[in-house]
Amino acid sequence: MLILGIESSCDETAAAVVRNGREILSSAISSQIESHKPFGGVVPELASREHLEKIEFVIDKALSDADVKIQDIDGIAVTQGPGLVGSLLVGVCYAKSLAFARDIPLVGVNHIEGHVYSVVFENPAIEYPAMALIVSGGHTNLFWIPEEGQYKVISRTRDDAAGEAFDKVAKMLGLGYPGGPIIEKIASDGDPTTVRFTKAKISDGRPDFSFSGLKTAVSRYVRENDIASATNGQKPSKRIADLAASFQKAVVTSLVGTMEKQAEELRPRTLIVAGGVACNQALRQDASLAAKRLGVPVYFPSKHLSTDNAAMIAAAGARRLAAGESAPMSISADITMRLQNLQNEDEQLRKSRVRYKL
Ligand code: KG4
Ligand code: ZN
């Protein structure tokens, strides 16, 4: 079965052709990083306009790279949510038109489920129950996956996503955008023991993440220690490198510490760490060490598949397309889409006034 995946939830316009949900024939990505760089973050209006300009070209490229024609495609999987509404709509509308014109089935895919499936191409088959840490610019979640397609959120961020914290701290230090790769590079010259950041405590005792306090602590440290921002083109100071390394260590310790603690209790057979922040080598190293201690394998996507791409969306949609599922033509973008189909939110959580982010 040949599936065309389409992804446009944030600032990457992507299309991929995937065979039977496990073999990538092509994966085309047009990144908008350069357009958003001057603003230090994604500008939604610019993002949707650029998706509109690029989508046809990107889909044509995915088809020609795979050496197939649109007539060869058996089904389409498109990111339905969560994400930026204007961006999502471009992919969803294009996918609907293609599916209608070709009379082939279409399924809407949860972007976060896509990240879970990003590990299926280059790793052994996932053994269930599995546990997945999905960390990106918009999401930070730990999922319990008792069997394929069943998700229960164990931990989520109470405020910023981990990638968002990297981006904001980089901006604060004058390092540029996106922050994750820049901080990682600079941190390699720094000493992670320089600044001790304490782990955020969640008052109701749930195993959730929180990164906004860490961001504030970095800002306070910068102010109190008179740390000058990096200036364009110049090598950042040793003090910035030490701070970047200490910040990165704090994020990684929080993510891996929570995952390991939950895995000790729930005993998954596979660990998955995916999403843009999974490009980070310090995170990979610590997660690998934790997996070793737990005696289970940990699967990461390669760099190309860690950040947003359409191959993972095709993989996530494959099982449903193979089962004959097809979305009605009324399908639309859903920015609030959640990845949870197992009861987990107890009464207390539902009543709490905390606004959760996916
Ligand atoms: O998955 P992704 O492409 O988009 C979302 O779904 O959000 O993730 C992008 C995020 C950005 O916040 C970026 O700073 C972060 O992933 N990121 C990293 C690294 N590479 C990308 N964070 C830490 N270390 C990295 N090497
Ligand atoms: Zn993503």
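**View 1. Strand β9, an enclosed strand.** All five of the five residues of β9 (residues 270-274) are buried, so this strand is largely enclosed by the rest of the structure. Here, buried means under 20% relative accessible area, exposed over 50% and partly exposed in between (1.4 Å probe, protein chains only). Strands (E, at least two residues) and helices (H or I, at least four) are DSSP runs, numbered from the N terminus. This is a predicted model, in which local features need pLDDT of at least 70, side-chain atom pairs count only at pLDDT 80 or more, and totals for chains, interfaces and linings use all residues. Residues are numbered from 1 along each chain as its sequence is written, and side-chain values use heavy atoms, leaving out hydrogens and water.

**View 2. The two faces of β9.** In a regular strand, side chains alternate between the two faces of the sheet. On one side of β9 you will find Thr 270, Ile 272 and Ala 274, and on the other Leu 271 and Val 273, all buried.

**View 3. The neighbours of β9.** Strand β6 (residues 130-135) runs parallel to β9 and is joined to it by five bridges; Leu 133 has Val 273 as its bridge partner. Strand β10 (residues 298-299) also pairs with β9 in the parallel sense, over two bridges, and here Leu 271 is partnered by Val 298. Two strands pair if DSSP finds at least two bridges between them.

**View 4. Ile 335, out in a loop.** Look for Ile 335 in the loop between α11 (311-322) and α12 (347-351). Ile 335 is partly exposed, with a relative accessible area of 45%.

Technical notes: Chains are lettered from A and ligands numbered from 1 in the order in which they are written.
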